[in-house]
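Subject: The structure I promised you

Hi,

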Amino acid sequence: MDALENIKSRRSVNYFDPSQEISDEDIKKILELSALTPSSLNLQPWEIIAVKSSDKKKILRKCAMDQAKVEEASVVFIVIADINACERNIDSVLKSWVELGYMDVKTAVFYKTLPQKLYGEFSSQKRKIFAVKNASFFAMTLMYAARTLGYETHPMDGFDEDAVKKEFGISEEKTIPVLIAVGKLSPSAKLLPRAWRKSVKDFSKIV
Ligand SMILES: Cc1cc2nc3c(=O)[nH]c(=O)nc-3n(C[C@H](O)[C@H](O)[C@H](O)COP(=O)(O)O)c2cc1C
């Protein structure tokens, strides 16, 4: 599927075919493509739990306002924004940049101070925004990646974040911006036409 077609035909699919399974290989392919998402300072503050087994999907459905698509989709990705990424990943980022010739060691020493300068201390609002912003870019790539492999998708923020954290062992300081259901469209589903969109002139200006 070409990129234009992918953007134009993507819809939030409410009815997945519950008989369709997804292989671990396809999950891996989707995540490998999603890992190419750009991120602030290349810090990649995301983690994913791919919920595929029926018992875990049942649990997730309970945390997600009983939305049937959580159980009917082949897999639901819990997208996690990780505020620890600044400390955890900065050395790997800088090592790769120095090795690949993006910068010299002296510049890398300066760059090491940037995450805290830009994204604040561990528990700051800035840090949370940084992590959620980048994890959301990841989520969008994941939806388009899944579609290139023949799947449909549905993003969801209708869920109890604390309940999802508790059930899936996600630590308190992390945020879950979105769940993404992925699967095949149910053969009996009929998609309604795409709903209202703001016109370009209503949300933009060229200056
Ligand atoms: C971050 C986000 C959260 C959403 N949460 C839900 C949800 O919990 N349940 C639901 O039925 N739809 C949810 N949606 C789907 C939107 O309602 C849908 O994207 C919108 O109506 C436009 O439809 P389209 O995606 O088919 O173009 C969500 C979409 C986004 C981007």
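Of the 207 residues in this protein, 41% count as buried, where buried means under 20% relative accessible area, exposed means over 50%, and partly exposed is in between (1.4 Å probe, protein chains only). Keep in mind that this is a predicted model, in which local features need pLDDT of at least 70 and side-chain atom pairs count only at pLDDT 80 or more, while totals for chains, interfaces and linings use all residues. Residues are numbered from 1 along each chain as its sequence is written, and side-chain values use heavy atoms, with hydrogens and water left out.

**The overall picture**

The protein has ten helices and four strands; these are DSSP runs (H or I of at least four residues for helices, E of at least two for strands), numbered from the N terminus. Starting at the N terminus, the order is α-α-β-α-α-β-α-α-α-α-β-α-β-α. The C-alpha trace spans about 60 × 45 × 35 Å along its principal axes. If you take the contacts (heavy atoms within 4.5 Å) between residues at least 6 apart in sequence, 78% of them join residues at least 24 apart.

**Around the ligand**

Which residues are around the ligand? They are Arg10, Arg11, Ser12, Gln67, Lys69, His154, Pro155, Met156, Asp157, Gly158, Arg194 and Arg197, going by a cut-off of one heavy atom within 4 Å. Strand S3 (residues 152-156) gives the largest share of this shell, three residues.

An oxygen atom of the ligand is 2.9 Å from a polar side-chain atom of Arg11. The side chain of His154 has an N or O atom 2.8 Å from a ligand nitrogen. Gly158 uses its backbone instead, with a polar atom there 2.9 Å from a ligand oxygen. The protein covers 61% of the 610 Å² of accessible area that the ligand has on its own.

**The loop between H2 and S1**

Ser39 sits in the loop between helix H2 (24-34) and strand S1 (46-51). Is Ser39 buried or exposed? Ser39 is buried, because its relative accessible area is 15%. Its side chain reaches the backbone nitrogen of Leu43 at 3.2 Å. Not counting residues up to four places away in sequence, Ser39 touches Gln44, Pro45, Trp46 and Asn134.

Gln44 is in the loop between H2 and S1 too, and is partly exposed at 31%. A polar atom of the Gln44 side chain lies 3.0 Å from the backbone oxygen of Asn42. Beyond four places in sequence, Gln44 is in contact with Ser39, Ala85 and Asn89.

Most residues other than glycine have a negative phi. Asn42, however, has a positive phi near 60 degrees. Met65 is not a glycine either, and its phi is positive, about 55 degrees. Met65 lies in the loop between helix H3 (54-63) and helix H4 (68-72) and is exposed, with a relative accessible area of 63%.

Cheers

How values were computed. A polar contact is a pair of N or O atoms within 3.5 Å; within protein, one must be able to donate a hydrogen and the other to accept it, and residues adjacent in sequence count only if both atoms are side-chain atoms. Accessible areas come from the Shrake-Rupley method with a 1.4 Å probe; for residues, only the protein chains shown count as cover.
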